[in-house]
Amino acid sequence: MAEPALNNSWLTNALLGASERRTESDPSTASYSSHLSPFRSSESSHSAAESERAQSEVTPTTIASGSDHLVAPFQPAHQFVAEDGEGLLDGALVHQKSRKGHKKSREGCFNCKRRKIKCQETQPACENCTKKNLQCSYPAPKTLKALQGSLLYSSTPIASVNLQGTPTIFSLTDMRLFHHFLMDAYPHLPVGNDSAWLSQVPLIAHHNAYLMHAILGMSASHLELLTGESLGSVAIHHRLLAVQGSNAALSRRVRTGSDGDALLGACYLLAFQASYMKDGLSEFFTMVRGCSLLSNQLRAEKLPMAFFLTEKDHFQFMEDRLLDLPVISPELVEGAQASLVAVQPLCVMPSQTEFYQLLHDCVEAIKLSSLRVYFKFISIYQGIIEMDPEMFHEFMDPNNIAMQLLIAHFFALQLVVAPIINREWAGRKRSTPLRFRLDQIYQLSKGIPDSYKSYLAWPLAIADAVMDEVAGNKPLVPRVPILRNKEWADPASAVLGWA
């Protein structure tokens with residue numbers, strides 16, 4: 001019986017709205033041929049040089065056969081080998097097996113080296129580790145070797161990646177976007193997976209066109225956010241192809257770790273790209289839930305993947321990063337608390353009350369410790385992920401005024417606790433400006449009726465203060481000195497740069 005395919009309705013929903021709002025064109029997806037080359041093992045016989053060398057190293061002996069005298073190499077007692085590979089043992093005809101040839105493994109994984117066995121050197125995991133369900137890791141790979149290994153490992157490699165639907169594989173813009181991804185734009189989540197994003201994902205994308213489109217689309221949105229360049233049409237073009245390709249991949253049964261890496265990598269990239277788009281709020285939360293759903297599915301399949309996926313991995317990586325956390329100003333806490341108290345009477349639906357409680361708990365945690373703030377804030381995302389479909393529909397309903405107000409408070413709160421949350425970036429320089437959170441707050445305020453605008457006073461004050469400080473102006477709200485914290489921002493940084 002065939003295994004059930006992954007439910008891809010959440011990813012299909014990500015297509016809704018974005019394409020209609022941004023482009024009039026109807027980009028088509030190029031067809032990609034795929035094949036799996038057969039690889040067969042064979043036994044090798046002794047070469048002529050080896051035979052000559054063997055004959056020169058033994059003492060000849062004379063074999064009497066009638067009146068003829070033949071000279072043959074010395075053989076073990078009772079055994080003589082004929083030219084055709086057969087010999088006599090005590091008068092019986094036996095078969096002489098040729099020695100099996102082999103090639104030494106020079107760049108094998110750590111597990112195979114420790115076990116002193118030959119490694120297939122396939123990327124991202126060798127066959128030995130796959131059979132044993134071990135985490136396969138290699139020394140720093142040589143690019144060509146790793147690329148060849150990924151071809152052998154992938155279950156559905158394609159001959160080439162046609163990014164534009166034309167014979168041109170890369171345009172100059174695509175090359176620039178790919179370089180920007182490797183230098184600055186690659187995601188910081190899942191925590192502790194920087195090496196996977198920089199080494200394994202680009203190799204896997206070489207054989208999975210939709211993953212390459214996801215890389216280029218996210219990089220285009222990120223670069224547009226940084227520089228203000230008009231890259232929206234390029235970003236949406238790649239995004240649509242990435243979503244279509246991901247849907248097609250989800251409908252097939254996942255067979256290898258590289259397939260899982262491609263799916264999860266594309267999902268994270270689409271989520272990050274949605275967070276950079278001014279009208280990508282619904283798609284962002286949808287893709288966040290999709291990342292969690294897909295991660296759980298891939299963990300259940302126990303695939304040997306390049307990504308670390310478990311919660312244990314996350315907190316192990318974060319353990320040392322959460323030391324000596326900065327303290328959030330009590331004045332900011334008072335403003336957030338007063339604003340949430342004002343919104344509370346509007347929360348009557350279960351989705352509203354539960355989300356309000358998550359925000360309230362996070363604000364209360366600020367009074368106790370910065371470490372507690374981190375866990376309470378990520379629990380807000382966890383609460384969104386665990387919503388049932390009906391509740392999530394209420395959560396994303398643009399006519400749900402109370403929920404829209406709470407979401408605005410959520411983004412403002414993220415700005416306030418950013419010095420703590422940014423520890424997820426570790427020692428990596430943060431090139432992504434938090435200005436996109438300001439865009440989300442301003443975008444939400446446009447859909448709020450004038451009679452409810454007063455409930456947005458605190459979120460808008462936070463957004464305005466941050467914007468003023470980014471621009472180098474004196475903030476209108478002096479009690480929101482977010483960028484002055486040396487822990488995560490240099491006061492002398494550029495106007496658009498949030499280090």
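**Helix α14 and its surroundings**

The model is a predicted one. Looking down the axis of α14, the buried residues fall within an arc of 135°, so they line one face of the helix. Those buried residues are Leu-332, Val-333, Ala-336, Ser-339, Leu-340 and Val-343.

Take Ser-339, which belongs to α14, the stretch covering residues 330–343. Ser-339 counts as buried because its relative accessible area is 10%, and buried means under 20%. Setting aside neighbours within four places in sequence, Ser-339 is in contact with His-409, Tyr-455, Trp-458 and Pro-459.

As for Ile-407, leaving out residues up to four places away in sequence, it touches Leu-281, Phe-285, Phe-355, Phe-395 and Leu-444.

Two helices meet at a crossing. The axes of α12 (residues 281–301) and α16 (residues 370–385) come within 9 Å and cross at roughly 85°. The two helices are therefore roughly perpendicular to each other, since angles of 65 to 115 degrees count that way. On the α12 side, the contact is made by Phe-284, Phe-285, Val-288, Arg-289 and Ser-292, and on the α16 side by Tyr-381, Ile-384 and Ile-385.

The loops hold some backbone features too. Between α7 (172–185) and α8 (194–205) runs a loop that contains Pro-190, and the peptide bond leading from Leu-189 to Pro-190 is cis, with omega near -5°. Lys-302 is not a glycine, yet it has a positive phi of about 55°. Lys-302 is found in the loop between α12 and α13 (311–318), and it is exposed, with a relative accessible area of 61%. Asp-324, also not a glycine, has a positive phi of about 55°. Asp-324 sits in the loop between α13 and α14, where it is exposed at a relative accessible area of 74%.

Conventions
Residues numbered from 1 in each chain as written. Predicted model: local features only at pLDDT ≥ 70, side-chain atom pairs only at ≥ 80, totals over all residues. Heavy atoms only, no water. Helix = DSSP H or I, 4+ residues; strand = E, 2+ residues; numbered from the N terminus. Buried < 20%, exposed > 50% of the residue type's maximum accessible area, 1.4 Å probe, protein only. Contact = heavy atoms within 4.5 Å. Arc of directions from axis to C-beta. Axes fitted to C-alpha atoms, helices over the stretch in contact; angles between N-to-C directions. Parallel < 35°, antiparallel > 145°, perpendicular 65-115°, else oblique.
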